[in-house]
Amino acid sequence: MNMLVRSSGPSLTSDTEPSAGAPRTRGLLARWLGLALETHISLPLFALALLGAMWFGTLHVIESERRAAVVATRDATQELLDTYEAQLARSLSAIDQTLRVLKYAVEQNGPTGALPALEAKGLLPPGLVFQVEISDASGHIVASNPASKRHDLARTAWFEFHRQTSDDVPFVSLTSLSEYSKEPTVHFSRRINDATGRFSGVAVVALDPAYFTSGYERSRQGDRGLLGMAGTDGMLRALRVGETVSWGQRFVPGANGGVAAGTTARGAPVLESEARTVASRPMNSFPLVAVAGLSEAEQMADFYQDRRAWLLGAGAASALLIAVVILVSAWSWQLAKARRRERLAQETYAAASEASPDAFFVLRTVFGPRGEVRDFVVATTNSRAERFTSLTKQQMAAKPISGLLPPSISQSVFDDLSAVARDGIARETEWQAQTLPQPGVWLHRQAVAVEDGVVVIVRDITERKMGEQRIRHLAHHDDLTGLPNRSLLRERLGQAIVTAAEAGRAVGLAFIDLDGFKLVNDTLGHNAGDELLKVVGARMHRCLRSDDTLARFGGDEFVILLPDLAGDPMAIAPLLERVREAVTEPVLVEGQEVQVSCSVGVTFYPRDGASANALMMHADVAMYRAKELGSNNVQYYVSEMNESVDEKLVLLEGLRAAIDTCAEDYPGPCQFQLLYQPKVDLRTNCLFGVEALIRWHHPEQGLVSPLRFIGLAEESGLIVPIGDWVLRTACAQAQAWRTAGLPPVSVSVNVSARQFEDKRLVERVADALRASSLPADGLEVEVTESLIMRDLGRSIDKMRELEAMGVALSIDDFGTGYSSLSALKSFPISRLKIDKSFVADLADSPDDQAIAMAVISLGHKLDLRVIAEGVETEQQRDFLRANDCDEMQGYLFSRPLPASDIARLLAGSAGDAHDPCAE
Ligand SMILES: Nc1nc2c(ncn2[C@@H]2O[C@H](COP(=O)(O)O[C@H]3[C@@H](O)[C@H](n4cnc5c(=O)[nH]c(N)nc54)O[C@@H]3COP(=O)(O)O)[C@@H](O)[C@H]2O)c(=O)[nH]1
């Protein structure tokens, strides 16, 4: 409901919206823009940008810090190198000084006196740190301090170097394990010349390489920094990493051969395992390079920590942002979905309402100061509403309905809508328009409460109303004559009784049955019968006042209702007499003048009955009495007539109960029984068939003749279930005899008019045969001539269907009807039955003899078998036999017998080779 109110506004005014072309592109752009502005789309995009910026900033900061850390590390390395270089320079200077002093001492004091001379002057370096050695020109160590275990330097690289090189340049050996002390040692040496400048030996200072890295400061260089002293040959003489001192690795300095800050030494495992910033610098006094390095991991630890913090911070912020964006976007998406659904619903509603044949008015309630409904204002409408009101949507928009509605309905509509707005309960109303959209148009209004108003749907229901009127007319009127039918008469009779009861007046009811109508119908056909009914109906109608009702109940039954009779009700007698006379006047139908009369039964309210039912039943009784009295007269009901009605009612109830007793699951005995009357061949005396005849064992009245109840069953329609039972029982019995090994005889079953007209007759016959397994040619259906003539075409069709199944057909009571020879020729029958009324006086009545002979001859001409019924005497039989009648049935041979007696009869006659013949 809310949707209706909210949705209709923009949609229902679609005709004011821009149309095709450029505006459509603009609309599309706007739609895309709108979509982009949707939070669930814009927010993630914004968040993405934010994340990008944040990460860009973070990475930028990290990079800056990294660079700063690298620079700081490099600077620290340079500083370290500066310090180390100074230390190393001092150490090397001390060593070189010692070498020079040694050399000088040798030159002054000779090789052997040099050391004592130095010792004497206090210039001999402490033996704990420096091992000094002096060799002669052949490499023999001539002096050493402390005393050297070695005696010869001839094969050492430095001896060889100095022997070969006349220049006074120092030499630094590779670090090696001392042959004698097994301690790592690095040798510094200088050439000693004699006075003539010839090579006279070598002065050597040997010392532990750790000496050169003792300046390693853990607090400054960490655990993985390095200090090293490498030769210009690229071999490290001493290397300290943390607490570990080593030597002999190859060191490749930076590309420019100087300070190689930032380069990483990868010469040996100890160097390779760590990324370091390394710097080196050549020493002046010796062909050595001072190397200092700092571990990047240690030096940039702070940076790494900061970087982790930055990354963690940015990651956490990103995760938080993403989570928030996801939540908000999901929520926004849901909202957008809901909005989209709503919009779709709105569009659908708008499209539907535009396409609808109904007029839609969405009204907003206008409240007064005390909250009372004061008016309704049009919020929106559809195109149909424009046609209904002859106003455009714009003209109606925002207008109060009080100004739009015709004054004739303004108040009632307002009251109706107010009630809906107040109670929230939808209301529907139908009314006939006096002005808009057209006078006389039937309209249906449905008002439904919505959030802030009422939606009114107005539909043109004129066609439906007309249809209803037509249906009502058809339901209450007779098709043929257009007169009121039974149901309308009952209605009017009920009303007349109520009115009469209030006014203390009487009501007259006359049942009219045409005499001789059946004859006209049967002989001249249905069309003639219909024409007659119309003419007679019109004539009777002309005799009545406008307040009176003439109804047709079907067939040839008419009823006159005379309401509001004042004074002596018998005063209607002349009117009825006029009616009777009008009926008896000749009528020209199908070119023939025919004449019918009528039997009239009359009752009065309140004298003869207080209810419509009682009055109708009593009028019917009186009408039957008129018939019994020879037709063409008027009978007024008297209570004595009712006895036969009561009897009929009792019998009808009994019949209904009897049908129930024959249901398969009924525990007690079936009140109906079938007797079977044998049919014999007049020439051979063979029993070839039986006719099934029903009997009713009434629980109180004993055996009731079919003559008493078949007519009633026919009238009430009960003949259909009864006939069905007869069919099934007869078929089952015929098959039971066959199954018992008795000679096969066909069973014939009487089918009455109502049964024959039953749409399911053929189906019922087929069911009975199927259920019993009796072959179709074991069954014969007997129908009367008059029954076939009721609707010849349809009867023949049905007979053909039965014949096609293999079921035989015979015409019962032949001679009493009016079938023409040409009609008879078209019947798919196999047997004619001469009615017993012609057989009864066969011996004495030449007329009956003539009729019997004519029927026999006619039957034979049509190639039919002829059977005579009601044969009681031998004379009758002899006459029939003499006149070539084929078959007979009657008391002479046998009365109708129970099935067991027929079985005995069949068994007896079958004594010889199953021959069911008897004489
Ligand atoms: N639709 C159905 N009609 C049925 C059924 N069973 C019977 N009927 C019809 O009821 C009418 C009376 O029948 P019923 O009292 O059984 O009388 C039949 C015979 O008993 C009687 N009859 C036979 N032979 C003689 C005779 O020698 N003399 C004599 N006076 N009467 C005799 O004739 C009746 C058979 O008539 P018909 O059917 O015309 O062959 C009667 O009209 C039955 O048709 C039923 O199941 N369904």
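Colleague: In which sense do β25 and strand β27 pair, and over how many bridges?

Modeller: This is a predicted model, and in it β25 and β27, the latter made of residues 746-750, pair in the parallel sense over four bridges.

Colleague: Which element gives the most to the shell around the ligand?

Modeller: That is β25, with four residues. The elements that each supply at least two residues of the shell are β25 (687-698), α20 (706-716) and β29 (808-814).

Colleague: Which residues come nearest to the ligand, and how does the shell divide by residue type?

Modeller: Of the 22 residues around the ligand, Leu693, Pro706, Asn750, Gly890 and Tyr891 come nearest. The shell divides into 10 nonpolar, six polar and six charged residues.

Colleague: Why are α23 and α25 called roughly parallel?

Modeller: The axes of α23 (residues 761-772) and α25 (residues 792-805) come within 10 Å and cross at roughly 20°. Angles under 35 degrees count as roughly parallel, and α23 and α25 are therefore roughly parallel to each other. Their crossing is right-handed.

Colleague: And why are α16 and α17 called roughly antiparallel?

Modeller: For α16 (residues 526-542) and α17 (residues 573-584), the axes come within 9 Å and cross at roughly 155°. Angles over 145 degrees count as roughly antiparallel, and α16 and α17 are therefore described in that way. The crossing of α16 and α17 is right-handed.

Colleague: What makes β13 and β14 the edges of their sheet?

Modeller: Five strands form an open sheet in the order β13-β12-β16-β15-β14, with antiparallel pairing. In that sheet β13 (373-381) and β14 (427-432) each have a single partner strand, so one side of each is left without a neighbour in the sheet. Neighbouring strands of this sheet are turned by 25° against each other on average, direction ignored. As for the partner of β13, strand β12 (residues 359-367) pairs with β13 in the antiparallel sense over seven bridges, and Leu363 stands opposite Val378 in β13.

Colleague: Which residues carry the annotation "transmembrane region", and what is the chain like there?

Modeller: According to the UniProt annotation, from an unreviewed entry, the "transmembrane region" covers residues 41-62 and 309-333. In the model, residues 41-62 are 100% helix and 0% strand, with end C-alpha atoms 31 Å apart. Residues 309-333 are likewise 100% helix and 0% strand, and their end C-alpha atoms lie 35 Å apart.

Colleague: Where are cis peptide bonds found, and what omega values go with them?

Modeller: The peptide bond from Asn145 to Pro146 is cis, with omega near -15°, and Pro146 lies in the loop between β2 (141-145) and α4 (157-164). A cis peptide bond also joins Tyr605 and Pro606, with omega about 0°; Pro606 is found in the loop between β22 (597-605) and α18 (612-628).

Colleague: What is noted about the phi of Ser631, and where does this residue lie?

Modeller: Phi of Ser631 is near 65°, which is a positive value in a residue other than glycine, and Ser631 lies in the loop between α18 and β23 (634-636).

How values were computed
Residues numbered from 1 in each chain as written. Predicted model: local features only at pLDDT ≥ 70, side-chain atom pairs only at ≥ 80, totals over all residues. Near = placed C-beta within 6 Å. Nonpolar A, V, L, I, M, F, W, Y, C, P; charged D, E, K, R; others polar. UniProt positions renumbered as here; feature names shortened; annotations may be inferred. Pairing = 2+ DSSP bridges. Axes fitted to C-alpha atoms, helices over the stretch in contact; angles between N-to-C directions. Parallel < 35°, antiparallel > 145°, perpendicular 65-115°, else oblique. Left-handed = near helix turned anticlockwise from the far one by under 90°.
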